[in-house]
Amino acid sequence: MSTRQILVVEDERAIREMIAFGLRRSGFEVLEAEDSKQARASMADRRPDLLLVDWMLPDMSGLELTRLIKKDKDLRDIPVIMLTARADEQDKITGLEGGADDYVTKPFSPRELLARIQAVLRRAAPASGEAVLLAGSLTLDAAGHRVMVGEQTVSLGPTEYRLLSFFMTHAERVYSRSQLLDRVWGGNVYVEERTVDVHIRRLRKALEPFSAADFIQTVRGAGYRFSVRPV
Ligand code: CA
């Protein structure tokens, strides 16, 4: 595998350099940006494999930058991890709803950050060697890393793609939030169960224009189920 590129967007130089140092030592190529303007210029030049975005930036908030990226059809597939000094639960949820794939609360250890990055990159990587999956109107092409309805592509973030891929290969069974965290996010990730709900909401929203949101069913007190049969 070629060297993975990570763009670190953080105006505080000491923190940015500390992160960059640790990531380079772990074998990543690191690009640095002080603000969202530099970050966007950098992405126009070279598409990174992952973005680390600080919440507090001088020109626009990291949350706004993440929203812009997730609205851009050329960039929205790039996973984003938000760095935040806000440990407040609602802020984390806001960050995830803004399109971030994960968040890391300052202060964090280089090891924790590395574990999150690896987990997010793993989720974003296309599953290889899988056949094309069909369910209802949905077609998931694992080799092409794409979900289609007829000729139209369903636009999904990396986590929603993984979630849908899991559901389509495990249809008709109910999974609790913790089972989904385990199977879709991987055991080593420190995420809270509410994170699952955020991604389920995003997945439903993405499927809605294709009348496929109902495939993701809430089973009260138990979790979620994927089914193409009506509830
Ligand atoms: Ca900052």
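To begin, how many salt bridges does a search of the whole structure find?

Mentor: The search of the whole structure finds 15 salt bridges. The model is predicted, so local features need pLDDT of at least 70 and side-chain atom pairs pLDDT 80 or more, while totals for chains, interfaces and linings use all residues. Residues are numbered from 1 along each chain as its sequence is written, and side-chain values use heavy atoms, with hydrogens and water left out. A salt bridge here is a side-chain nitrogen of Lys or Arg within 4 Å of a carboxyl oxygen of Asp or Glu.

Now the domains. Domain 1 covers 5–124 and domain 2 covers 132–226. These bounds come from an automatic or database domain assignment. Over C-alpha atoms, the domain centres are 24 Å apart. Domain 1 brings 21 residues to the contact and domain 2 brings 18; contact means heavy atoms within 4.5 Å. About 1,700 Å² is buried between the two domains, with 46% of that area from carbon and sulfur atoms. Buried area is the accessible area (1.4 Å probe) lost when two parts are put together, summed over both.

Which pairs cross over? The rule finds 1 salt bridge across this interface. A salt bridge also joins the side chains of E97 and R201, at 2.5 Å from N to O. On the side of domain 1 that touches domain 2, the elements giving two or more residues are α4 (89–97), β5 (102–105) and α5 (110–124). Helices (H or I, at least four residues) and strands (E, at least two) are DSSP runs, numbered from the N terminus. By class, that side of domain 1 has 7 nonpolar, 2 polar and 12 charged residues. Ala, Val, Leu, Ile, Met, Phe, Trp, Tyr, Cys and Pro count as nonpolar, Asp, Glu, Lys and Arg as charged, and the others, Gly among them, as polar.

Stay with β5 for a moment. P107 sits in the loop between β5 and α5. A cis peptide bond joins K106 to P107, with omega about -5°. Most peptide bonds are trans.

Another salt bridge pairs D101 with K70 through their side chains, at 3.3 Å from N to O. D101 is in the loop between α4 and β5 and K70 is in helix α3, so the pair ties together parts 31 residues apart in sequence.

Last, look at H145. H145 lies in the loop between β7 (138–141) and β8 (146–149). Its phi is near 55°, a positive value in a residue other than glycine. Most residues other than glycine have a negative phi.
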